[in-house]
Amino acid sequence: MTKQVIICVDDEKTVLKSLKTELKDALGNTYRIEIAEGGEDALELVAELMEDGYEIPLIISDYVMPDMKGDELLRRVHQLSPKTLKVMLTGQATIEAVGNAIKNAKLYRYIGKPWQTEDLKLTVTEAVHSYSQDKKLASQNAELRKINEELEIAFQQQSKLTEAAKRFVPNEFVSLLSRDSLSDVELGDSVEKEMSILFSDIRDFTALSEGMTPQENFKFINAYLSRMEPGIIENKGFIDKYIGDAIMALFGHSAVDAVKAGIAMLHSLDDYNQYRTNAGYVPIKIGIGINTGSLMLGTVGATNRMDSTVIGDAVNLAARVESLTKSYGVSMLITQNTFLKLIDNQCYAIRNIGRVRVKGKSDLVTIHEVFEADKPEVKEGKLATSTIFAEALYWYSASKHIEAAQLFSECLQQNPLDQVAQNYMDRCQEIKVRLP
């Protein structure tokens with residue numbers, strides 16, 4: 001425990017003797033009592049005691065002293081020990097002197113001479129109690145500050161963990177499960193919901209990656225994926241998972257958001273390919289497939305390791321449609337389910353490219369090409385030949401392959417880069433060869 005001293009200052013020894021006796025009676029041996037016969041002696045005493053590790057809860061000083069007035073002494077003591085309580089004991093101090101002591105030394109109390117013993121004892125007792133309480137409060141405040149600092153550090157660490165967790169399991173996923181936080185999610189939690197599912201994949205990624213080291217592969221994939229993410233996030237979607245170079249994203253608000261995200265991804269790809277070309281790398285192509293339908297969203301796995309996922313025929317169909325983009329030579333395909341959900345499909349460059357049999361589906365599926373992000377000349381060519389293409393597709397569906405071939409040929413004459421028209425033209429030629 002820190003040693004504590006009370007100092008009495010007066011130029012009359014009889015006064016100092018009386019003060020010391022009365023303070024002993026009031027406080028017992030709890031405090032050491034020191035005396036000084038003038039201001040300079042008092043300041044030296046204060047400095048020595050503080051250097052030796054003593055606390056000075058209280059100093060009682062006369063006002064009229066030969067070498068230094070009491071208000072000046074208390075001011076200088078306050079500079080050395082601000083927490084020390086100051087009491088002025090005199091009958092000759094002016095109102096101005098008392099005011100200076102209050103202002104510059106935070107005077108605790110003024111007691112006139114001759115003093116009343118009980119008044120002095122009560123003042124001193126209250127003063128040391130006040131000092132003790134202030135010290136206790138300061139200690140508690142320091143402990144609280146320390147606790148608050150520790151809590152702040154813990155909160156920052158928890159926030160970092162929370163932010164890190166969001167990068168593995170999106171907040172949207174947790175919200176869809178009606179959970180407040182990731183820690184509330186349990187194995188087997190699930191919910192059925194209608195959503196639009198977007199799959200994207202890099203064309204011929206296996207061949208592309210064979211020419212790279214593992215480190216170069218990671219660098220390339222991350223460079224590519226980081227450019228694809230913003231278009232999804234900005235259009236109210238979230239990435240459910242990365243599957244190597246492939247992306248699976250979910251859109252719960254509107255099918256329009258999914259289509260807009262796909263278009264944004266293709267525009268970002270154009271910028272990325274420009275960068276790759278300038279850097280001496282080959283440009284890349286991707287395929288995007290979108291379907292809208294009911295699915296089950298939830299957690300699968302085991303007690304010690306689980307993952308978020310979506311399950312359902314709608315999900316499988318979206319993946320199958322994405323794989324068709326390579327067969328048709330297009331960048332983006334959507335199903336009839338998604339097409340019908342578009343608020344105003346005339347706002348986008350979209351065309352029906354027929355009905356196909358998809359693996360795992362017994363019924364034919366109608367698919368549409370979204371060519372909004374095609375190169376301007378290709379896009380304009382497809383728009384200009386939309387009527388001819390639709391008629392050619394009708395004849396093809398009716399097994400009138402000669403008529404269809406003539407019309408697809410017209411499309412290609414106007415727009416040689418129309419890969420879908422070329423695809424159908426090739427089919428017609430194959431069928432013609434097989435016919436007897």
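K236 is exposed, with a relative accessible area of 53%, and this value lies in the exposed class because that class begins over 50%. The model is a predicted one.

**Backbone geometry**

- Most residues other than glycine have a negative phi, and most peptide bonds are trans.
- K236, which is not a glycine, has a positive phi near 65°.
- The loop between α8 (214-233) and β7 (237-243) holds K236.
- S399 is likewise a residue other than glycine with a positive phi, near 65°.
- The position of S399 is in the loop between α13 (386-397) and α14 (401-414).
- K113 and P114 are joined by a cis peptide bond, with omega about -10°.
- P114 is placed in the loop between β5 (109-111) and α5.

**Negative surface patch**

- A patch of negative charge on the surface gathers D11, E12, E37, D41, E44, E48, E51, D52 and D67.
- One of these residues, E51, belongs to helix α2 (residues 39-51).
- E51 is exposed, its relative accessible area being 70%.

**Nonpolar surface patch**

- L144, I147 and L151 make up a nonpolar patch on the surface, and together they have about 270 Å² of accessible area.
- Helix α5 (residues 117-168) contains L144.
- L144 has a relative accessible area of 46% and is therefore partly exposed, since that class lies between the buried limit of 20% and the exposed limit of 50%.

Note on methods. Residues numbered from 1 in each chain as written. Predicted model: local features only at pLDDT ≥ 70, side-chain atom pairs only at ≥ 80, totals over all residues. Heavy atoms only, no water. Patch = residues over 30% accessible without salt bridge, like charges linked within 9 Å, V, L, I, M, F, W, Y side chains within 5 Å. Areas by Shrake-Rupley, 256 points an atom, 1.4 Å probe, with all protein chains shown as cover. Salt bridge = Lys/Arg side-chain N within 4 Å of Asp/Glu carboxyl O. Lys, Arg positive; Asp, Glu negative; His and termini not counted. Charge placed at Lys NZ, Arg CZ, Asp CG, Glu CD. Helix = DSSP H or I, 4+ residues; strand = E, 2+ residues; numbered from the N terminus. Buried < 20%, exposed > 50% of the residue type's maximum accessible area, 1.4 Å probe, protein only.
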